[in-house]
Amino acid sequence: MKKKTWGNWLGIIGTVLIAISLIAYFTVFPLYMHDGLTLLVTYKFKCLMAISKYSAIAIGVFVLVYFATWGMNSEEVRQYKPLAKVDIFMLLFLLISTISYFASPYKNIGINDERDSFFYDGPLWGTKGWCMGLVLILVMVGMYFATSRFFKYTHLIWIPILIATMGIFVFGIFNRYGYYPVEIKGANPSFLSTIGNINWFAGYQSVLAPIFIGLFLASKKKTVKVLLGVCVYISNFLVLVNASDSIVFAFVAIMFVLFLLSLKSEEDMIKFCNVMLLFVAAEFTVILLESVFKVKRTMVGSIGEIFIKGPVPYILLVLFIALRFFFSLCKLNKAKYPNVIKEKGVKISLTAVGAVLLLYVLLIVINTATKGALPLIGDNKAFLFTEKWGSNRGATWMCGWLAFKDLKFINKLIGVGPDMFYNAIYGSIDAHTLSIKIFSDQRLTNAHNELLTLLVNVGILGVVSFIGMCVSAIKLFINAAKENKYMLMFLLSMIMYLANNVFSFEQITNTPFFFFVIAIGASAVVKEAKNVGTQAPQKLTKKR
């Protein structure tokens, strides 16, 4: 057995330290509750900061020792070349957020508030009860670079994470039907499990659910595949009963992406059908529970009901059984998969969906401009963009835009400070008036649209850097998935998070996980590049 060098030991130590931090973030943090639902976000944020503090100390000391005693030569640095664009936009996002903090007109708000000596209202820590300030951005970006550089990816990292996540999901399902295996102070139908209200839970689920799907698609061992299939089924069940419409939209979005990525291969289409049949199984489980056993949910959504009531479940059942049978025959060379679909299916599908979305937007614009004069859809709320559109998303989007419109030119570029949306609303007469009209004295801390919220908080430059980071990471994972199917989980997680946040928001139980998933995915890309012999690091070279 070859003796390990100091470089080998450093690699092991770095991986273990970062693995411990990641597991703590993904397990302890989402499960943590101090006093039931009372001040849930405040206590969760304290937990997050405690994990971050000890992680920063341990990883910081390790990095200092690493570079002081070992370091990286040029060949080792080149292994991270595939991450270059993600790195650049990640740093730009941090830079703009930092500049936005220092230039924020709200920097000293609450700084002398003695109610809590740990953090206060303001762009450094974020609005109380939301906590999405500069400190959290530093944590997320710092963990990205630490994980992508010093964590040697292994599938084993997901075992404790998925166990904790599945426990949270199952607990959420029980809660939706009014059962509480563990008593939670302040429990009510709008809150699920240990995460928070349905929108917060949807955000959490949008990041973690695709991990189950990606691992299920890539798994080869029968036992592992069955276990992951059960996890996907439970996750799909929760999509249906959460009562959040945004999570249903996000699920449809990743299924469409998965469909596009699967079109060129009979084998991939079989796997896609398997995922959809697990969704159909979840649909019929809900139908069975509620129509036969008369179990009632404590809250229902709107879009999710389409997949539970009426003909849709039966149509999907027949469709995907037939498709799976057809593609199985194709795989056995007993049927012919048309080449035109393989070659042009993606373009045709994108064109069709794009046309439908464009038509919908045009109908909304025309119907709204004519005050509902269009026949058939005139008085349909879905086709009238008013304050009430999309469960008041119309109002939140309008408030966000009005607040941005009233900013000074410099603040349009760099924003008013991380997590200062609430203050910006008060700084705009029009936005504040609309907010009071629709939401009375409730605080509006975001626009229920991530990009619009970022536009106010960190400005145009912050939004551009965030989009650049996301697009670069998505391209990275698409390319990586061509060789390693498990990379799909990172891609699908990003897509589902972003799709959910078209109508929802960034918060502490989804956005940190979004950054951490990108970080873990980046470490996996580096590992696979090394495994195929491209830009491999030279960890076993002599001490420099």
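Helix 18 gives the largest share of the lining of the largest cavity, 3 residues. Helices here are DSSP runs (H or I, at least four residues), numbered from the N terminus. A cavity is a set of points, on a 1 Å grid over the protein atoms alone, where a 1.4 Å probe fits but cannot get out; a pocket is an open set with protein on both sides within 12 Å along at least five of seven lines, and lining residues have an atom within 4 Å of a point. This is a predicted model, where local features need pLDDT of at least 70, side-chain atom pairs count only at pLDDT 80 or more, and totals for chains, interfaces and linings use all residues. Residues are numbered from 1 along each chain as its sequence is written, and side-chain values use heavy atoms, with hydrogens and water left out.

Back to that cavity: 14 residues line it, and Phe-93, Met-132, Ile-137, Leu-454 and Glu-506 lie nearest its centre. Two or more lining residues come from each of helix 5 (134-150), helix 18 (450-457) and helix 21 (511-531).

In all, the structure holds 3 cavities of 30 Å³ or more. Here's how the spaces look, with volume being the space filled by probe spheres set on grid points joined across faces, edges and corners. Nonpolar covers Ala, Val, Leu, Ile, Met, Phe, Trp, Tyr, Cys and Pro, charged covers Asp, Glu, Lys and Arg, and the others, Gly among them, are polar.

| Space | Volume | Lining residues by class |
|---|---|---|
| Largest cavity | about 140 Å³ | 9 nonpolar, 2 polar, 3 charged |
| Second largest cavity | about 50 Å³ | 5 nonpolar, 4 polar, 2 charged |
| Largest pocket | about 1,500 Å³ | 26 nonpolar, 7 polar, 4 charged |

As for the largest pocket, 37 residues line it, with Phe-249, Ile-303, Tyr-360, Trp-389 and Phe-503 closest to its centre.

Now for helix 12. Its 20 residues (312-331) reach 28 Å from first C-alpha to last, close to the 28 Å expected at 1.5 Å a residue, where the expected span is 1.5 Å times one less than the number of residues. Pro-313, Leu-316, Phe-320, Phe-327 and Cys-330 are its buried residues (buried means under 20% relative accessible area, exposed over 50%, partly exposed in between, with a 1.4 Å probe and protein chains only). Seen down the axis, they fall within an arc of 120 degrees, so they line one face of helix 12; the arc is that of the directions from the helix axis to the C-beta atoms. Turned away from that buried side are the exposed Ile-315, Val-318 and Phe-325.
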